Amino acid sequence: MRKIVARLQGENQELADSLNRLGSVKAKLVRGGIIAELPRFADTASYSFRIPDQLHYARFSIETTECGGGMTNTGHASIICSTIGEKVRPFYIPRGGHLANGDHAFFSMPMLVEVTGYRNIEGVEIFHFSIFKKSLGSAEIIMREIWSGDRESLPRKYNYFTEAVNAAYEKANCYHCRHVHYAEGR
Ligand SMILES: [Zn+2]
């Protein structure tokens with residue numbers, strides 16, 4: 001589940017409370033600031049989010065997860081990397097709960113690449129995600145395909161995604177996966 005989160009400098013409890021009173025925003029204090037989840041416009045198929053007045057000048061990031069894994073005959077999984085295929089550091093790794101083929105690492109970045117692998121068909125998809133601020137009051141997650149196909153035929157010009165592509169494929173083939181396959185420090 002991709003979403004846009006806003007980060008404001010300063011541990012301002014009053015501001016966090018006023019954001020939470022809007023009902024549509026989930027704001028919490030973190031060290032040095034506030035992190036608030038933007039509400040998604042309900043009536044659109046695209047990933048469009050509303051920016052409340054208090055957050056017009058916040059810093060925005062996309063929040064997403066490494067997730068998925070293999071099942072007996074099928075399965076797919078996604079890993080997250082930088083725009084040049086590097087491992088990045090997750091801000092949260094769940095240790096319990098429903099882990100099998102669930103969410104295994106949470107990332108927050110202004111721009112990122114998601115590589116999805118599919119079991120059996122050896123197919124992979126590489127997508128680039130970024131944030132487009134349409135106006136002061138709204139922002140959208142823009143999704144652009146970089147490449148998709150059989151993982152063995154990844155074009156040479158995308159060599160820098162090889163490790164990420166293999167990780168997505170391995171994760172899609174990892175039966176009832178419960179752990180992180182592609183992240184900094186692992
Ligand atoms: Zn696994």
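Modeller: Two strands pair if DSSP finds at least two bridges between them. Keep in mind that this is a predicted model. In β5, Cys67 stands opposite Ser78 of β6.

Biologist: How many bridges join β5 to β6, and which way do the strands run?

Modeller: Four bridges link β5, residues 59-70, with β6, and the two run antiparallel. They make a hairpin, with four residues between them.

Biologist: Which strand does β6 join through six bridges?

Modeller: That's β8, residues 111-118, and this pair is antiparallel too. Here Ile80 stands opposite Glu114 in β8. So β6 has β5 as one partner and β8 as another, going by the two-bridge rule.

Biologist: Is β6 mostly covered or mostly open?

Modeller: A residue is called buried if 20 or more other C-beta atoms lie within 10 Å of its own. In β6, residues 75-81, six of the seven residues are buried. Across the 186 residues of the protein, 31% count as buried.

Biologist: What does the whole pattern look like along the sequence?

Modeller: Reading along, you get β-α-β-β-β-β-β-β-β-β-β-α, with two helices and ten strands. Among contacts between residues at least 6 apart in sequence, 63% join residues at least 24 apart.

Biologist: And why does the radius of gyration agree with a compact globule?

Modeller: Because a compact globule of 186 residues would come out near 16 Å, and the protein has 18 Å, which agrees. Along its principal axes, the C-alpha trace spans about 50 × 35 × 30 Å.

Conventions
Residues numbered from 1 in each chain as written. Predicted model: local features only at pLDDT ≥ 70, side-chain atom pairs only at ≥ 80, totals over all residues. Buried ≥ 20, exposed ≤ 12 C-beta atoms within 10 Å, placed from the backbone. Rg over C-alpha atoms; globule rule 2.2 N^0.38 Å. Contact = placed C-beta atoms within 7 Å.
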